[in-house]
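Welcome! Please take a moment to look over the sequence and the 3D view below, and then we can walk through a few places together.

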Amino acid sequence: MFSFLEKNPFFFTVAFLLVFSIAGLVEILPGFAKKAQPIEGLKPYSLLETAGRQVYIAEGCYNCHSQLIRPFKAETDRYGAYSLSGEYAYDRPFLWGSKRTGPDLHRVGDSRNAADWHDGHMRDPKSRVPGSIMPAYEHLFTKNADFETAFAEAYTQKVVFGVPYDVEGGVQIGAEGYQKGNAESLAKAKEIFMQEAKVVVDDMISQDVKDAFEKGEVKQIVALIAYMNSLGQSRRAATQVSQAGQ
């Protein structure tokens, strides 16, 4: 058979395309199976978490930290349960990373969920991890989080990609009225944003961040901590803060 194909380029090409197509289907189709859909209980990022994710991307944190735990004992012993495809259903873009200058962060919210720890670590990494080579991120304590861009991203995710925002028992972003042309609904979204921020700020130790919040300002460090705390199996739990004002 193989000698026949070698002597007949046309049939060889047909056979190659057939095998290639079958292999492609075997590789692609599982991605559409149920197991590749959002895991049960997975919630999308809140407005504050979305703003924090934008900070994470802007600062290039994915260059030194991965968010993908492989199913190897050495990794699960250190970082926790291995990552599932359904956990990334609402992630655009994926932030798997390609190297680990620092530890994997996909479960950091399960082990490091105290705002005061992240507060001190981001301002002075060596104060929390002696010998750390991570730079300090003082500027995150002075720059404001971008609420408008976070809302725009969440709204786009809802309208374009069908991410389940503003559903009963889910994450609320106050976009229902906005979708109907009611610009005043942004005030509701901002209220939700501030409620989420207050939970983080109350647990922080930086007085300058607390003082800024009293003036109605949410610093980038607050949003980043909210995002970091959302990473892990905790994303499966029903949201609490986002619904506080409902």
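Which residues of α6 are buried? They are Ala115, Trp117, His118, Asp119, Gly120, His121 and Met122. Please keep in mind that this is a predicted model.

- Helix α6 spans residues 115–123 and is mostly covered, with 7 of its 9 residues buried.
- The cover over the buried residues of α6 includes α5 (108–111) and α7 (125–128), along with α10 (185–201) and α12 (220–230).

**How α6 meets α12**
- The axes of α6 and α12 come within 10 Å and cross at roughly 125°, which means that α6 is oblique to α12.
- The crossing in which α6 passes α12 is right-handed.
- On the α6 side, the contact is made by Ala115, His118, Asp119 and Met122; on the α12 side, Ile221, Leu224, Ile225, Met228 and Asn229 take part.
- By type, the residues in this contact of α6 with α12 are 6 nonpolar, 2 polar and 1 charged.

**A look at serine 46**
- You will find serine 46 in the loop between α2 (9–28) and α3 (47–58).
- Serine 46 counts as buried because its relative accessibility is 4%, and buried means under 20%.
- Serine 46 and alanine 154 are 108 residues apart in sequence, while their C-alpha atoms are 8.0 Å apart in space.

Conventions. Residues numbered from 1 in each chain as written. Predicted model: local features only at pLDDT ≥ 70, side-chain atom pairs only at ≥ 80, totals over all residues. Heavy atoms only, no water. Buried < 20%, exposed > 50% of the residue type's maximum accessible area, 1.4 Å probe, protein only. Helix = DSSP H or I, 4+ residues; strand = E, 2+ residues; numbered from the N terminus. Contact = heavy atoms within 4.5 Å. Axes fitted to C-alpha atoms, helices over the stretch in contact; angles between N-to-C directions. Parallel < 35°, antiparallel > 145°, perpendicular 65-115°, else oblique. Left-handed = near helix turned anticlockwise from the far one by under 90°. Nonpolar A, V, L, I, M, F, W, Y, C, P; charged D, E, K, R; others polar.
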